[in-house]
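Here is a short briefing on one protein chain. Keep the sequence and the 3D view open while you read.

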Amino acid sequence: MKKDVEKEDRSKWFKDSHERKFKRPLKYFQRDRNVSLADIISWGFLPQVNAYAIRREFGVQYFERLYDIMSLPWWDVDELSKVRSLDYPVRKNDVAMWDYIKYESLKEFRKWKPHHPRRVQRVDPETGVTETILNVKPPRTMKTIPMPQMEQEFYKGFIGWVYSCRTTEAIISYRAGGEIRDIHVYDPMWLVNCSAKDIECLFINKIRYQPADKEQAQQFQRVASP
């Protein structure tokens with residue numbers, strides 16, 4: 001019975017995702033909220049590092065407090081209530097604030113406003129053409145990547161690892177003491193805390209993924225190099 005449950009859980013890792021697909025803007029010009037959909041893949045609270053995280057196409061942003069997320073451009077904050085969220089619940093003290101953020105996003109942030117970049121004119125030094133861009137301030141992200149403690153020597157019972165489009169994580173499976181365990185890795189940089197032999201194991205045994213998730217999966221694989 002237990003094996004059947006584990007098999008069913010693993011079958012969900014590669015389920016087709018019906019989440020909204022977002023385009024990554026190449027430059028900040030005049031932004032139309034109906035056109036600019038940013039590049040957020042998922043977000044949520046990570047108890048492993050006691051921080052909020054936003055996974056984008058090419059990296060992860062960390063925020064110490066939920067309120068710091070409001071320093072993002074308004075279109076990013078607006079998207080957070082629509083994109084895939086992690087299974088971990090937000091901090092208990094932040095539940096009311098998050099509900100308020102979702103409510104305000106429906107009202108176009110009339111009372112509680114996130115960062116609204118100011119339009120500025122600039123001349124392209126190469127073409128000489130004057131263009132309108134947005135002066136986007138850096139968000140209040142954490143200065144360093146919070147690193148969780150990683151389980152060590154899983155190579156001894158290593159089964160395999162996959163990139164799950166459902167959780168947007170790399171999941172490492174291994175046997176220990178007669179049971180199968182899973183390690184959920186949200187940020188590829190977390191892998192640097194693995195032992196040398198564990199990294200070698202991940203390097204030899206390539207990560208599995210669906211074709212559509214190749215770029216995200218390869219970010220984990222590139223870190224797992226001896």
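In which sense do strand 1 and strand 2 pair, and over how many bridges? Strand 1 (residues 40–46) and strand 2 (residues 51–56) are antiparallel, with six bridges between them. Keep in mind that this is a predicted model.

**Whole chain**
- The chain holds five helices and nine strands.
- Along the sequence, their pattern reads α-β-β-β-α-β-α-β-β-β-β-β-α-α.
- The chain has 226 residues, and 45% of them are buried.
- Take the contacts with a separation of 6 or more: 61% of them join residues 24 or more positions apart.
- The accessible surface of the chain is about 13500 Å². Carbon and sulfur atoms account for 51% of that surface.

- Four strands form an open sheet in the order 3-2-1-4. Its pairing is mixed.
- Strand 3 (59–63) and strand 4 (84–85) are the edge strands. Each has a single partner strand, so one side of each has no neighbour in the sheet.
- In general, the strands of a sheet pair through backbone hydrogen bonds, in a parallel or an antiparallel way.
- Trp 43 sits opposite Ile 54, a residue of strand 2.
- Helix 5 (residues 214–223) lies across strand 1, strand 2 and strand 3. Helix 5 runs at about 120° to strand 2.

- Another open sheet has three strands in the order 7-8-9, with antiparallel pairing.
- Strand 7 and strand 9 are at the edges. Each pairs with a single strand, so one side of each is left without a neighbour in the sheet.
- From one strand to the next, the twist averages 20°.
- Strand 8 and strand 9 run antiparallel and are joined by seven bridges.
- Ile 172 has Ile 183 of strand 9 as its bridge partner.
- Helix 5 packs on this sheet as well, touching strand 7, strand 8 and strand 9. The direction of helix 5 makes about 140° with that of strand 7.

**Nonpolar cores**
- The largest nonpolar core has 29 residues. Trp 161, Ile 172, Val 185 and Leu 191 have the most contacts inside it.
- Several elements give two or more residues to this core: strand 2, strand 3, strand 7 (158–164), strand 8 (169–176), strand 9 (179–185), helix 4 (196–204) and helix 5.
- Strand 8 gives the largest share of this core, four residues.
- What does Ile 172 touch, leaving aside its neighbours within four places in sequence? Its contacts include Phe 154, Phe 158, Gly 160 and Trp 161. Also among them are Arg 181, Asp 182, Ile 183, Val 185, Leu 191 and Leu 202.

**A buried serine**
- Ser 173 is in strand 8.
- Is Ser 173 buried or exposed? Its relative accessibility is 4%. The cut-off for buried is under 20%, so Ser 173 counts as buried.
- The Ser 173 side chain makes a polar contact with the Asp 182 side chain, at 2.7 Å.
- Asp 182 is also one of the residues in contact with Ile 172.

Note on methods:
Residues are numbered from 1 along each chain as its sequence is written. This is a predicted model: local features need pLDDT of at least 70, side-chain atom pairs count only at pLDDT 80 or more; totals for chains, interfaces and linings use all residues. Side-chain values use heavy atoms; hydrogens and water are left out. Two strands pair if DSSP finds at least two bridges between them. Contact means heavy atoms within 4.5 Å. Axes are lines fitted to C-alpha atoms, for helices over the stretch in contact, and angles run from 0 to 180 degrees between N-to-C directions. A nonpolar core is a set of buried Ala, Val, Leu, Ile, Met, Phe, Trp, Tyr and Cys residues joined through side-chain atoms within 4.5 Å. Buried means under 20% relative accessible area, exposed over 50%, partly exposed in between (1.4 Å probe, protein chains only). A polar contact is a pair of N or O atoms within 3.5 Å; within protein, one must be able to donate a hydrogen and the other to accept it, and residues adjacent in sequence count only if both atoms are side-chain atoms. Accessible areas come from the Shrake-Rupley method with a 1.4 Å probe; for residues, only the protein chains shown count as cover.
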